[in-house]
Structures are given as structure tokens and as C-alpha cells.
Amino acid sequence: MLGNKRRDTKPELAIRRRLHRLGYRFRVDYAPEAAVRARADIVFTRRRVVIFVDGCFWHMCPAHTTLPKANADYWVPKLRANAIRDRRVDTLLATAGWRVLRFWEHESPEEVVAAIAEALASETRVKQGPTSPS
Ligand SMILES: [Zn+2]
């Protein structure tokens, strides 16, 4: 849990594999908006949908929040700052016209993929006219 490995986590890979198998194409570990200094885990550029798969520890998942007791002076402000930053990124991206979906790494990949598919379907209905390419 202390390895700061932010990409290609196991739950994220499971989600990406499922999406891919369903025929979705997307960018991985990609900054959707130049002005917002944040990379998202999965980005559907055309449909302007951004997905974050947040690690329970790094992003203070309410179901698994156990703040470290060792070096608390270091960890607690750092993790709080992460959570605050997440909310800020959400707001900035939403303002720029992105739909932001966040999931916890503990959520089942099947359910996450179902939620993403649903979001993409509704974005498609809203944004794609009959003449727009795919
Ligand atoms: Zn969790």
C-alpha cells in the first residue's frame, strides 16, 4: 500500500480489460484538459467522460480509511490534501465540460464497467447528432 504506484493497478487493469472487450476505446493515464494538471486513469476524449479509479489508501476511501498511526504528522495532511485535490480536479473538469466518474479500487470491476457504459450511453445520446462521426 505504500508503493506509490498510480497506474496500472490491478482493479484498473480489470476494468480496462472489460471495457476493451466490450469494444470501447479510450486513453489511459491521460490529462484530459491541458489547463487542469491532473491525469485521469481512463479518458473517453470524444464523449468527454473521465474515469478515476481511486486507491482506497491514497484517496481516503470511507470504507477503508485507516489513517496511518506511524508518521501521522506526515501522512494525515498528505492524504487530506489528496482528497481535497480530488474534489478540486472534479470541479475543474466538470466546469470544462467533462463528466467525471470516480470509483474506488475496492468496487467490483463488473459494476464499475456497467456504470461507465451507462454514462457513455447517455453522453452519446446527448452529444452525438446523426451527422457526427461515431
Ligand atoms: Zn475502499
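Q: What makes a residue buried, partly exposed or exposed?
A: A residue is buried under 20% relative accessible area, exposed over 50%, and partly exposed in between, using a 1.4 Å probe and protein chains only. This is a predicted model, in which local features need pLDDT of at least 70 and side-chain atom pairs count only at pLDDT 80 or more, while totals for chains, interfaces and linings use all residues. Residues are numbered from 1 along each chain as its sequence is written, and side-chain values use heavy atoms, with hydrogens and water left out.

Q: Why does glutamate 110 count as partly exposed?
A: Its relative accessibility is 45%, and partly exposed covers what lies between buried and exposed; therefore glutamate 110 counts as partly exposed. Glutamate 110 lies in helix α3, a helix being a DSSP run (H or I) of at least four residues and a strand a run (E) of at least two, numbered from the N terminus.

Q: How do you know which atoms are the protein donors of the zinc ion?
A: Donors are N, O and S atoms within 2.8 Å of the metal (3.2 Å for Na, K and Ca); water is not among the atoms, so sites may look incomplete. Cys56 (SG), Cys61 (SG), His64 (ND1) and His106 (ND1) lie 1.9 to 2.3 Å from the zinc ion and are its protein donors.

Q: Why is the site of the zinc ion called tetrahedral?
A: Four donors count as tetrahedral if all angles lie between 85 and 135 degrees. The angles among the four donor atoms are 102 to 119°, so the site is tetrahedral. Cysteine 61 lies in the loop between β3 (49-54) and α2 (72-95), and histidine 106 in the loop between β4 (99-104) and α3 (109-127), so the pair ties together parts that are 45 residues apart in sequence.

Q: Is cysteine 61 buried or exposed?
A: Cysteine 61 has a relative accessible area of 1% and is therefore buried.

Q: What makes a set of residues a nonpolar core?
A: Such a core is a set of buried Ala, Val, Leu, Ile, Met, Phe, Trp, Tyr and Cys residues joined through side-chain atoms within 4.5 Å. The largest has 16 residues, and among those that touch the most other members are Ile15, Phe44 and Leu101. Helix α3 gives the most to this core, with five residues.

Q: How do you know that β3 and β4 pair?
A: Two strands pair if DSSP finds at least two bridges between them. Six bridges join β3 to β4, which run parallel, so the two strands pair.

How values were computed
Tetrahedral: all angles 85-135°; square planar, octahedral: opposite > 155°, others 65-115°.
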